[in-house]
Structures are given as structure tokens and as C-alpha cells.
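Here is a short briefing on one protein chain. It covers the fold, a charged patch and the salt bridges.

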Amino acid sequence: MAGLPDISLEDTKAEVSMEDMREAMDEVLSDKDQKIIYYFFLQKDCLNIAELLANPQAQLAERGNMTMEQYVDLYTSATEMNFNVHRYPAFLSEFVRNYAYNKDKAGYFPKDEILYQFYKYAIETCPNDMARRWYQLNLDITNILTAMLARKNGWNVADFIHGENEVTEMILNNNTKDFNLSLEYDYVADLMRIVDCDDPVLKEKKIDAFKWLWLDEQTFFDSFSIDAVFAYLCKIDMLARWDRLDVEQGQQAFRQIIDDLRGSAKVPDEFIRK
């Protein structure tokens, strides 16, 4: 970690690429730590699988853990042989096998569905506490924002919510504007302002800014651990979505976002390391 360049929200592109990080990690990380990083790239595999099912000729933008040959093997075993093979997480086989039956259903969004299945799998099985809390935070934020948008558009909120925890229970059982979540989670007020943002690019950047601060807080006193490596990967991933922004406008926007968040947002207690 000491040899990696510093990155910040104001950057529009990381100085180190994901491929460079992969090469460096292969050289220094233990097998135990590699098992944690596996989950980061498994999320890429999930999105690649959904992309390939929709378009077998798709050019994949990001590399996960699996090769193209393994994607084909997964598809073959899941559909032609109709079983889950132990070399892949079972939820992948089940998603692939059920895709043909679900793809034309109204309200079915393959990437959203496989991401939820991934979050559930990672929260239940990842051997690293911070990574599990990171994926739970992402799922909770997705559910909260989705619920607010659903209510705003008059849709049935329950049709769009995934998982079972305190956040989903409050969403499904409260009729107040914020589902009473602000009473338990200080950061929900910021999410409510985000969901009202008309600029979709700025909205995504505000969400990423909150997540960036969360990663900073988790690793502030532990900058040389596998947690820090995992957080660095997540930040590179976020910067990859920002590198198309105009540099000057991007820096100005993120300075304001981070100042606003530092002044008002609090990370929910259950996500803070005890």
C-alpha cells in the first residue's frame, strides 16, 4: 500500500489501473487475502454473465475472476446439464438456468437481480468483516433509493426491495416519507436529497462520495491491511466511472459534495468497526 499513488475524490482517473493492481496483488497477497479479493472481482463476473446472456457477442469492459471459457462452461453446466457445479457459486448457475424463463417478464432487470444475488452471497460468505459490511451498505443504499423512487412514481415498493434486515423491514412497514429510516440512520437524509437530484451523473457521484467517505473511515487507522487493499480497489472502481467528466468541473463538484457530506453525514453505527 505504501508504494501505491494516493487517490482522492477530486481525481478523474486513478494513476494505477485495475490490471496493475491485479498483477501487484498476485505477487504479494497471501492465499487468505486473495479469497477476500475474489469477492471484489466476482461482482465483475456477475455483470459480465448478465451482459453475455443478453448478447453473446458482447465486448466485456471489465475482467472478473473467470475466463470466457469458464463463462461458457458455467452456461453449459447450468442449462444443458441442469445442475450446479461446485467450481462456481451456486447462485450463478441458478441465475443462468432461470434467465430464459425470466428475461421477458415485466419488471425483470437481469443485472439488478444478479447483483442482489451477489450481495446476498457476499454478505453471507465473505470471510472479511469490512467487505461484508461494505456489501450490506451497498444493498441498503440501493434498497432505500429504489424505495424512494418507487414511492415517488406510485409503484408498489415491495416489488422492488431485496433482502431481509432492519432496513427492508422499515421500508415495507412504514408510510412516512423516509420510511422512518432517518430516526435510525443519519445518512438517510442525505440519500433523500440525492434521490431528488435531477442530474443522473451528479446523483451517482453523490452516492459514490458517501461510499468513498465510508471506506476512508473504515481504513483510517489501518492503512496497510487487506481492508485497505479492498478499499483501494473499490475507489479505483469508482474513479473509472468518473474519468469521463471534465477535469475542472469534476474537481469542483466533488469538493462541494465531500464538504457537504463531511458536515452532515454520519455512517450508520452497525457499519462502524467496534
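Is Asp20 buried, partly exposed or exposed? Asp20 is partly exposed, because its relative accessible area of 42% falls between the 20% and 50% cut-offs. The model is predicted.

**Overall fold**
- The chain holds 11 helices and 0 strands.
- Of its 274 residues, 46% count as buried.
- Residues 24 or more positions apart make up 62% of the contacts with a separation of 6 or more.
- The accessible surface is about 15100 Å², and carbon and sulfur atoms own 49% of that.

**Negative patch**
- Asp20, Glu23, Asp26 and Glu27 form a negative surface patch.
- Asp20 sits in helix α1, which spans residues 18-28.

- The whole structure contains 10 salt bridges.
- Glu19 pairs with Arg63, with the closest N and O atoms 2.6 Å apart.
- That pair links helix α1 to the loop between α2 and α3, 44 residues apart.
- Glu19 is partly exposed at 38% relative accessibility, and Arg63 is partly exposed at 46%.
- Lys111 bridges to Glu51, with closest N and O atoms 2.8 Å apart.
- Lys111 lies in helix α5 and Glu51 in helix α2, so this pair ties together parts 60 residues apart in sequence.

**Salt bridge within a helix**
- Asp129 and Arg133 form a salt bridge, the closest N and O atoms being 2.9 Å apart.
- Both lie in helix α6, 4 residues apart, or about one turn.
- Asp129 is partly exposed at 36%, whereas Arg133 is buried at 9%.

**Network**
- Salt bridges link Lys44, Glu62 and Asp237 in a network.

Definitions and conventions:
Residues numbered from 1 in each chain as written. Predicted model: local features only at pLDDT ≥ 70, side-chain atom pairs only at ≥ 80, totals over all residues. Heavy atoms only, no water. Patch = residues over 30% accessible without salt bridge, like charges linked within 9 Å, V, L, I, M, F, W, Y side chains within 5 Å. Areas by Shrake-Rupley, 256 points an atom, 1.4 Å probe, with all protein chains shown as cover. Salt bridge = Lys/Arg side-chain N within 4 Å of Asp/Glu carboxyl O. Lys, Arg positive; Asp, Glu negative; His and termini not counted. Charge placed at Lys NZ, Arg CZ, Asp CG, Glu CD. Helix = DSSP H or I, 4+ residues; strand = E, 2+ residues; numbered from the N terminus. Buried < 20%, exposed > 50% of the residue type's maximum accessible area, 1.4 Å probe, protein only. Contact = heavy atoms within 4.5 Å.
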